[in-house]
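This report describes a protein model with attention to its helices, its salt bridges and the interface between its chains. The sequence and the structure are shown first.

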Amino acid sequence: MSRSANAIFVLALWVCLLTLWLFSGEQFLDLMFAIPDAGPVDDWSLTVVVWFEDMRAGLGVPDLFSALRGAIHGWTGLG
Amino acid sequence: MVFPTLEFVLFLAVVLAVNLALTWRQGTPAPAPEPGPPAARGPGSGPGRVLPAIASRLDARKAFLIAASYWFYAAWDWRFCLLMAGVSAIAWAGGLRADRRAVRIASIAGLLVVLGIFKYFNFFFLSLGQLLGDTFLARDLGWMRVILPVGISFYTFQAISYVMDCARGDIAPRRNPFDVALYISFFPQLVAGPIVRAADFLPQIDRPYVVDTAMRGAAVLLILSGLFKKMVVANYLSVLIVDPVFAFPDGQAWPETLAAVIGYGIQIYCDFSGYSDIAIGVALLLGYRFQRNFNQPYRARGLSDFWRRWHISLSSWIRDYLYIPLGGNRGGVARQVWTLLLTMTLAGLWHGAGWNFLVWGFLHGAALGVERGLRRVPLGPLRWLAVPVTLLIVFALWIPFRAADWEGTLAILSALTRAEGFAGTVVPPQALALIAIGLAMNWLPLAMRDVAEGALMRVPAVGQALILAAGTILLFATAQDGVAPFIYFQF
């Protein structure tokens, strides 16, 4: 019971992460370029990330994260 | 890699998934056989007999957690990993023969030498340079400057406590070096604590991985409260009021200076307790329970009470491995005060290699000594003053802690008496609101936390994940741009 609940918990977190990636513009791409050179896997990992980013951009989903960020900062006066 | 970043979120998601996969088919293994207490062991427990057995005792989950922890640490500088491996090796070897005085002393001295070189060399080097006029040292030996590995104070203290606990017979030494390596390197508490005791941690690595709904509920609450404390309260207080005033105290008047001093007290509390909350929450998701590191310190009724509530893992470490061995509460009041002064001065030096930290610790020791001397004086109707007076002392002593040098400290103290300033700093209402929130966190009844924890425990796993994800996204959206490192990383 505990084990399957943990699996559901981790799976749900991954789904949320993928949803965040879909609706957060180029945040993940920026992150990948900000990570220091990963040596032999650097080119390969960037190619994979760029491929996924192209796919996401092709879907035309809006950058809801930036919109949320702007709304919160505007409302609170922070940021 | 710091907690409130997308990089760490990705890292944690991978670690949780792989950890789950590695434990999916686990049974209920019998606890690993442990050697008896040091005095009961025979001559065959040295490294020579131990090494062949290592490979068979390194299970996949333990290996993965060690690898993940070293990856986490390497994100700062891969060379630090060599240092941490060395510290782990010294602790492991010292623990195996901690019953022998010479081995015990050599291993603890070795750990202190590591700490001394990497944390205090520059301090003594620069101090010596200033004493000698900073000519020869600065010109010809400048290349000797040593970089400070993040978290070194925390993991060397864990290593020392491991050897000491083995020597005292509080724990049985581990033959498997990977057990000690995991204890020293475990990434949630690696770079800024809490300082976990081996007696609390090591028994947990032998148990099967179990995370029940109560642990997940507590973890969700801890991680979200930690992120809120760090990303919202601490970081915004820093940029809104603390940094501008401490950067230019000469032009400030007393209202903004007072707000900055109180703001720094709240900032450092939220920064550090926020990190501890996230660390304890992440460890819970991996099946490990740590003790709480803060217990509403700004409602303390005295300085000794404050130190029982602030950075509890360090306070108890210092009590057990420094204060009590130095004499503790034995002897007369004068002897006790001397022990307090010495202990707290060294505790101040632990916080950072600088004269301001030394003075901060000394002043805390002096105040604790005064409190010890006044212990038997009846306060009567003045008892209600205990909390505000404690707050006043603690917040006043944060000034040298933050100001970094004497000129800065004196400038802040001077600004606190100035009616008008010319810097044009204004205290924004958001800063006042954040100060109020930070203080309120110290005064809310603990029953409220229990109610929230209880409510989260009753939520199904998918709901717990959604709450954690939604809360994290909201907090990331609220946070300012960029990554503000935790204050305690420098310690």
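How many helices and how many strands are there in chain B? Chain B has 21 helices and 0 strands. The model is a predicted one, and every value in this report is to be read with that in mind.

**Chain B as a whole**

Chain B consists of 491 residues, and 54% of them are buried. The accessible surface of this chain amounts to about 20900 Å², and carbon and sulfur atoms account for 68% of that surface. Among the contacts in chain B with a separation of 6 or more, 80% are between residues 24 or more positions apart.

**Salt bridges**

Over all chains, the rule counts 13 salt bridges.

| Asp206(B) | Arg174(B) | 2.9 Å |

The side chains of Asp206(B) and Arg174(B) meet at 2.9 Å. Asp206(B) belongs to helix α10 (residues 198-206) of chain B, while Arg174(B) is in the loop between α8 (152-168) and α9 (177-185), so this pair ties together parts that are 32 residues apart in sequence. Are these two residues buried or exposed? Residues under 20% relative accessible area count as buried. Asp206(B) has a value of 15% and is therefore buried; Arg174(B), at 5%, is also buried. Both residues take part in a network of salt bridges that links Asp59(B), Lys62(B), Arg174(B), Asp179(B) and Asp206(B).

Arg197(B) lies in the loop between α9 and α10 of chain B and Asp320(B) in helix α14 (residues 312-323), so the parts tied together are 123 residues apart in sequence. Arg197(B) is buried, with a relative accessible area of 16%, and Asp320(B) is buried with 17%.

Because Glu453(B) lies in helix α20 (residues 446-457) of chain B and Arg292(B) in the loop between α12 (254-285) and α13 (303-309), the pair ties together parts that are 161 residues apart in sequence. Glu453(B) counts as buried at 14% relative accessibility, whereas Arg292(B), at 32%, counts as partly exposed.

**The interface of chain A and chain B**

How many residues of each chain are in contact across the interface? On one side there are 28 residues of chain A, and on the other 38 residues of chain B. Together the two chains bury about 2800 Å², with 76% of this area on carbon and sulfur atoms. In chain A, the residues that lose the most area to chain B are Arg3(A), Phe9(A) and Leu78(A), which together give 23% of what that side buries.

On the side of chain A that touches chain B, the elements giving two or more residues are α1 (2-22), α2 (27-34) and α4 (64-76) of chain A. The largest share, 15 residues, comes from α1(A). By kind, the residues of this side divide into 18 nonpolar, 8 polar and 2 charged.

Key: Residues are numbered from 1 along each chain as its sequence is written. Chains are lettered from A and ligands numbered from 1 in the order in which they are written. This is a predicted model: local features need pLDDT of at least 70, side-chain atom pairs count only at pLDDT 80 or more; totals for chains, interfaces and linings use all residues. Side-chain values use heavy atoms; hydrogens and water are left out. Contact means heavy atoms within 4.5 Å. Buried area is the accessible area (1.4 Å probe) that two parts lose on being put together, summed over both. Helices (H or I, at least four residues) and strands (E, at least two) are DSSP runs, numbered from the N terminus. Ala, Val, Leu, Ile, Met, Phe, Trp, Tyr, Cys and Pro count as nonpolar, Asp, Glu, Lys and Arg as charged, and the others, Gly among them, as polar. A salt bridge is a side-chain nitrogen of Lys or Arg within 4 Å of a carboxyl oxygen of Asp or Glu. Buried means under 20% relative accessible area, exposed over 50%, partly exposed in between (1.4 Å probe, protein chains only). Accessible areas come from the Shrake-Rupley method with a 1.4 Å probe; for residues, only the protein chains shown count as cover.
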